[in-house]
Amino acid sequence: MDNNAQQKPSPQLKKPILEMRRISKRFDMTQALDDVSLELNPGEIHALVGENGAGKSTLIKVVTGVHRPDQGEILLEGKPVHIHNSQEAQAYGIAAIYQEPMVYPDLSVAENIFISHRDRGPVMRWRKMYDDAEAILAKLDVKLDVRQPARGLTLAAQQAVEIAKAISLQVRILIMDEPTASLSAHEVTQLFRLVRSLRSQGVAILFIGHRLEEVLEISDRVTVLRDGKLISSRPRGEVTSEQVIRDMVGRQIDDFFAKGEAERGEMLMSVRGLNKEFAFSDINFDVNRGEVLGFAGLIGSRRTDVGLALFGVEPPDSGEIIFEGKEQDIRSAEQALQLGIAYVTEDRRLLGLAMPMSIISNISLPTLRKYLTRLGLLKQGDEFDTAEEYRHRLSIRTPSVRVEVDKLSGGNQQKVMLSKWLNAQPKLLILDEPTRGIDVGAKAEVHHMINDLAAQGLGIILISSDLPEVLAMSDRILVMREGKQMGVFEREEATQENIMTAAMGQNQAALEIQP
Amino acid sequence: MSRSRRSLLENLERLKSWEGFLLVLLLVIIIGNSLNSPAYLSVNNWMNLFQLSIEKVIVALVMAFIIINAEIDLSVASMMGLSACTLGWFHEQGVPIGLAFLIGLMVGVLGGAFNGFWIAVVGLPSLVVTLAMLIGYRGLARVLLEDRSIGNFPNWFDALGQKSLIGPFPLALILFFAFVVIAIIILHYSGFGRYVYVIGNNREVARYSGVKVRRVKMSLFIASGTIAALAGLLFAARLGAVRGDVGLGFELDIITIVLLGGVSIFGGSGSLYGVLLSILIVLNLRNGMSLANITGHVQTGVIGVLLILSVLVPNMVSRAQDILNRHRLSRLQTASE
């Protein structure tokens, strides 16, 4: 699209230190990276932005040697290299820092800084290590006691330790994966000061960010990925936030099953001023029967926490939940189930299904009482019949319902999880990322089912990071960002641009149209 | 589809093969024993073989539930000692033996509830809680009786432990058979049993499905305390006397039996059929070795080796299967490319 900008390096910069040429990487169904070329220059902060699943993490993993690309080559100072693991990446002077700093809490600051050095002799030279650590921190202008254990350091200080660690390894390329996600505004300022000081020392920095204003503040160049493809790469001076958002969201919607016009029924649930410390605050919305309310937002927007609060497994601290006209204080999944609220988790493996158990046992679990005789014995025939019924209704592909669920494909596991909750006959169904990690066919089936359920009068909350999916399936869309509600969009007003604008924190447009 | 069908079969075979292996082992032991000693197959010897360890195997049935639930109860043997000593102490004070028996049983209920409170309600690890109570209940037992030995129970009480009640069967053995049937029904055919497995597999999945996880765990520990207390009282009746060290170290034998029966120490899998086979194996092996004049220490060593094998063999089998599967998968992938 805008690739000519790429071939025009700024005059003061030397040749690129890292070049990625036509990199492609495929995982099963998804083309994670498709012919992506990228250059990193010394002394440059290069920002990489894109929706969830755009391919940013895969790109990082290719550079750090976690994944090998299917096609394309990586050049370091003009020479092709093959990076097989993070030790090799480290030897080439490539280091990565993630959202959650990975410090060892019981080791001192100095020990953390030198943790990956392999040149130590058999005897620790503590004195020298402390001196060297102090020298590095002084170079970064960070004031920390190097003898202090890392436990109890603020996140920002822990990140400073990680950066010092990278410098101790003579880093030339530093990858920062959403380093600001859990930092306060003040800490972000501190971090940026550090990043700029690294830049002035000639380090090439690849900065992945979710907050657009920060990205625009810190970067020298902005590259946008979408669906594994490189959409644009422009010098900072030539981009506006509108342009970046437009590049991020231009995904195609046409292969989605769009939701039909269903009339909105009576009020089912009304939520006012819902708060939970360290998770979300002041969430307000209504769900009607027959309505799909989409929850949009980026990773870390805390949509799942709201879902868990409504389901009672992580109850809110304060706020009002009115369900079918009565105020309810929901404090357990059991209570939520009795009211008719079901929550289909995004984490099948850890929270959703007992993997080594049969399809039958999983489907009957939430409603097991229906399958017991008066003496508490299992009516195994009834259980089997129910499982068979859902196997046909949702076309779960399995040789038998006695098969353990960990033998099924992701899409079929998803259907078992949906069966389990549909069998509880909920009035409100909360679906958390119901189509993540399943193939296109299964995805269409799930969309079809959501539509049917809404037509039957269920209220549905659809939490999804797949923006076109939320847009296609929802009657209204609530957008969250870092635990705050950025607005509720009616179907007609919702476009990819203004949802993404709200999710990235440019909130003025969204606030105006909040009901 | 054909793949998942095959792996289902594999899985069934693996499950069957462990219990099948135990069955073969049991038959080998029985045949070996009967060839070795003509006394082995007599009714008397079989009663004797059960009687000598009957208290342990009764407790092993509950322990199977606890371990399948991904917990452990190390305090069972100390609870046996405490209930027996409670009986002895109240008997010493002149309390009628029937009442003392009920008080001993109540101690078990309360002790189990106490364990359950810390584990199910407060959420402490059962390993730590019951280790503390292993020391705690034993300490209480010793405080009650110091270094005295209390005997002189009424004749009818001793007879309950020593004489046969129905046909050749003494009370403890009849109780054991009744418990086996009840335990199999509860674990394998009731809703409660299903919850025990699900929680043992994945506690969070259970909680997210509206299962009352705390209540299930609480019930299990109360049952464990109660049955352990009952076993202690039966032990007292069989020996005709109690001391502070009643049942000392039994918890390890009990856990050994359960693990040898194919119950995973990580919870979520295993069956009472396996545990039952394991009980028969351990009892017959010990009995056979005794008949062959092998000393108790060697017997313990042999059981230890058996336990190590019981942990090693399934692990190695599943690892070998993983490697096979990976090979097959990579071959499939290269074929599809």
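## Contacts along chain A

Among contacts in chain A between residues at least 6 apart in sequence, 70% join residues at least 24 apart. Two residues are in contact if their C-beta atoms, placed from the backbone, lie within 7 Å. In chain B, residues 24 or more positions apart account for 78% of the contacts with a separation of 6 or more.

## The model and its confidence

This is a predicted model, in which local features need pLDDT of at least 70, side-chain atom pairs count only at pLDDT 80 or more, and totals for chains, interfaces and linings use all residues. Residues are numbered from 1 along each chain as its sequence is written, while chains are lettered from A and ligands numbered from 1 in the order in which they are written.

The model scores ipTM 0.85 and pTM 0.80. Chain B has a mean pLDDT of 89, and 91% of its residues reach 70 or more. The term pLDDT is the predictor's confidence in each residue, from 0 to 100. Residues 1-7 of chain B stay under 50. For that stretch the model has nine contacts beyond four places in sequence. Where pLDDT is low, the predicted coordinates should not be read in detail.

## Chain A as a whole

Chain A has 18 helices and 20 strands. Helices (H or I, at least four residues) and strands (E, at least two) are DSSP runs, numbered from the N terminus. The radius of gyration of chain A is 25 Å, close to the 24 Å that the globule rule gives for 515 residues, so chain A is as compact as a globular protein of that length. This radius is taken over C-alpha atoms, and the globule rule is 2.2 Å times the number of residues to the power 0.38.

Along its principal axes, the C-alpha trace of chain A spans about 75 × 55 × 45 Å. Of its 515 residues, 48% count as buried. A residue is buried if 20 or more other C-beta atoms lie within 10 Å of its own, exposed if 12 or fewer, and partly exposed in between; the C-beta atoms are placed from the backbone.

## Buried places in chain A

Start with helix α1 (residues 56-63) of chain A. Six of its eight residues are buried, so α1(A) is largely enclosed by the rest of the structure. The buried ones are A:K56, A:T58, A:L59, A:K61, A:V62 and A:V63. After α1(A) comes A:G65, with a positive phi near 85°.

A:V416 sits in helix α14 (residues 410-422) of chain A. A:V416 is buried, with 26 other C-beta atoms within 10 Å. Leaving out residues up to four places away in sequence, A:V416 touches A:L353, A:I359, A:N362, A:I363, A:I396, A:V405 and A:L408. A:Y343 belongs to strand β16 (residues 341-344) of chain A. A:Y343 is also buried, with 26 other C-beta atoms within 10 Å. A:Y343 and A:G312 are 31 residues apart in sequence, with 9.8 Å between their C-alpha atoms.

## Chain B as a whole

Chain B has 14 helices and two strands. A compact globule of 337 residues would have a radius of gyration near 20 Å; chain B has 22 Å, which agrees. The C-alpha atoms of chain B fill a box of roughly 85 × 55 × 35 Å along the principal axes. Buried residues make up 43% of the 337.

## A helix pair in chain B

Helices α3 (residues 54-68) and α8 (residues 171-189) of chain B have axes that come within 10 Å and cross at roughly 10°. That makes α3(B) roughly parallel to α8(B). Axes are lines fitted to C-alpha atoms, for helices over the stretch in contact, and angles run from 0 to 180 degrees between N-to-C directions. Angles under 35 degrees count as roughly parallel, over 145 as roughly antiparallel, 65 to 115 as roughly perpendicular and the rest as oblique.

From α3(B), the contact uses B:I54, B:V57, B:I58, B:L61 and B:F65. From α8(B), the residues include B:F176, B:F179 and B:L187. By class, the contact has 13 nonpolar, no polar and no charged residues. Ala, Val, Leu, Ile, Met, Phe, Trp, Tyr, Cys and Pro count as nonpolar, Asp, Glu, Lys and Arg as charged, and the others, Gly among them, as polar.

## Where the chains meet

The contact between the chains takes 24 residues from chain B and 27 residues from chain A. On the chain B side, α1 (2-36), α9 (191-201) and α10 (203-208) each give two or more residues. The largest share, six residues, comes from α9(B). By class, this side has eight nonpolar, eleven polar and five charged residues.
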